[in-house]
Amino acid sequence: MSQLPVPQELHTGEWLTPRQVSAATHYAVQTLANNRSLGIGLPYIKLPTGRIWYRRADVEALIGGAVAA
């Protein structure tokens with residue numbers, strides 16, 4: 001997991017929700033959750049509220065084939 005972003009960073013477009021990642025990658029939201037549980041896939045952060053966020057650059061690297069999930 002990465003360092004927690006400040007709240008303003010979450011709205012700049014640098015961070016994506018699991019639903020946004022699902023739409024971009026065509027992975028099911030549940031697949032993303034399973035991968036987190038197994039400790040594989042994209043790096044993510046989990047806020048104290050329980051919300052999950054993925055860094056846009058990591059998602060773009062996955063889509064570009066630079067990261068194996």
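Q: Which residues does Val29 touch, not counting residues up to four places away in sequence?
A: This is a predicted model, in which local features need pLDDT of at least 70, side-chain atom pairs count only at pLDDT 80 or more, and totals for chains, interfaces and linings use all residues. Residues are numbered from 1 along each chain as its sequence is written, and side-chain values use heavy atoms, with hydrogens and water left out. Val29 is found in helix α2, helices being DSSP runs of H or I with at least four residues, strands DSSP runs of E with at least two, both numbered from the N terminus. With contact taken as heavy atoms within 4.5 Å, Val29 touches Pro18, Arg19 and Ser22.

Q: What distance separates the C-alpha atoms of Val29 and Pro18?
A: Pro18 is among the residues that Val29 touches. The two are eleven residues apart along the chain, and their C-alpha atoms are separated by 6.0 Å.

Q: Where do the buried residues of α2 pack?
A: Buried means under 20% relative accessible area, exposed over 50%, and partly exposed in between (1.4 Å probe, protein chains only). In α2 (residues 29-38), Leu32, Asn35 and Arg36 are buried. They cover an arc of only 100° around the axis, taken from the directions from the helix axis to the C-beta atoms, which puts them on the same side of α2. The buried residues of α2 pack against α1 (18-25) and β3 (52-55).

Q: Which residue meets Arg55 in a salt bridge?
A: A salt bridge is a side-chain nitrogen of Lys or Arg within 4 Å of a carboxyl oxygen of Asp or Glu, and the structure holds one. Arg55 lies in strand β3 and its partner in the segment before β1, so the pair ties together parts that are 41 residues apart in sequence. Arg55 is partly exposed, at 26% relative accessible area. At 2.5 Å, N to O, its side chain meets that of Glu14.
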